[in-house]
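These are my notebook entries on a structure that I looked up.

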Amino acid sequence: MPGDEELRFEQVARDLSPLLLRYFRLRAGDAADDLTQEALLRIQRGLPGFDGRSSMKTWAMAIARRVAADHFRRRRPAEASVTVEDAIDPAPGGEGLLAARQMSQCVRDQLDTLAPGDRRILLLHDVEDAGMAAVAKDCGCSDGTARVRLHRARKRLRQALVDHCEFYRETDNVLRCCRKQEDK
């Protein structure tokens, strides 16, 4: 007959699994199932020490955030997704310079398609390296609002890049880009 802790964990897992899975799908895509399992294992291990100072959901989501952070910290560079910073400011030398120029041109072209506010916040923060306080001041909003706007602008740029460009890594691990056929 299962013990009280096992029954308690089964109930917690049944209640929180869908929430954890949605959380990880938004952040890690294909790795969501594995990360959900990892979070549930950590919840199971920590359940005897849970003292109820917060709700079970709050406590479980704190564990999920740590699992996600650990996942992204562990990823090898070759597995890392292409970031806006990689695409805007690649730094290969020699023969990689042409690919870097082409890639930067792809990014510039997609930046030009964004709304002026999105373009401005990306250029300020990611290209000109302005701090969040300076970005917020320029936008006339709070730091928190500026962070949300930056996140959304990056998301829009990333989607535009996915829609119009193909990124890949050569065997020498240099990031490359080419326009999709329908955009040529």
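Is Trp59 buried or exposed? I find Trp59 buried, at 18% relative accessibility; buried means under 20% relative accessible area, exposed over 50%, and partly exposed in between, with a 1.4 Å probe and protein chains only.

Basis of the entries. I am working with a predicted model, in which local features need pLDDT of at least 70, side-chain atom pairs count only at pLDDT 80 or more, and totals for chains, interfaces and linings use all residues. Residues are numbered from 1 along each chain as its sequence is written, and side-chain values use heavy atoms, with hydrogens and water left out.

Entry 1, the chain. I noted 8 helices and 2 strands; these are DSSP runs numbered from the N terminus, helices being H or I of at least four residues and strands E of at least two. Read from the N terminus, the order is α-α-α-α-α-α-α-α-β-β. Of the 184 residues, 34% are buried. I took contact to mean heavy atoms within 4.5 Å. Of the contacts between residues at least 6 apart in sequence, 52% join residues at least 24 apart.

Entry 2, aromatic pairs. I found 2 aromatic pairs in the structure. Tyr23 and Phe24 form an edge-to-face pair, with 5.3 Å centre to centre and 75° between the planes. Rings of Phe, Tyr and Trp (its six-membered ring) pair if their centres lie within 6.5 Å; planes under 30 degrees apart count as stacked, over 60 as edge-to-face and the rest as tilted. Phe50 and Trp59 form a tilted pair, at 4.8 Å centre to centre and 40° between the planes. I then checked burial: Tyr23 is buried at 12% relative accessible area, and Phe24 is buried at 0%. Phe50 is buried as well, with 14% relative accessibility.

I located His71 in helix H3, residues 56-74. His71 counts as buried because its relative accessibility is 14%. Leaving aside residues up to four places away in sequence, I listed Ala28, Ala31 and Leu35 as residues that His71 touches.

I counted 0 disulfides in the structure. I recorded Cys139 as partly exposed, at 25% relative accessibility.

Conventions
Disulfide = S-S within 2.5 Å.
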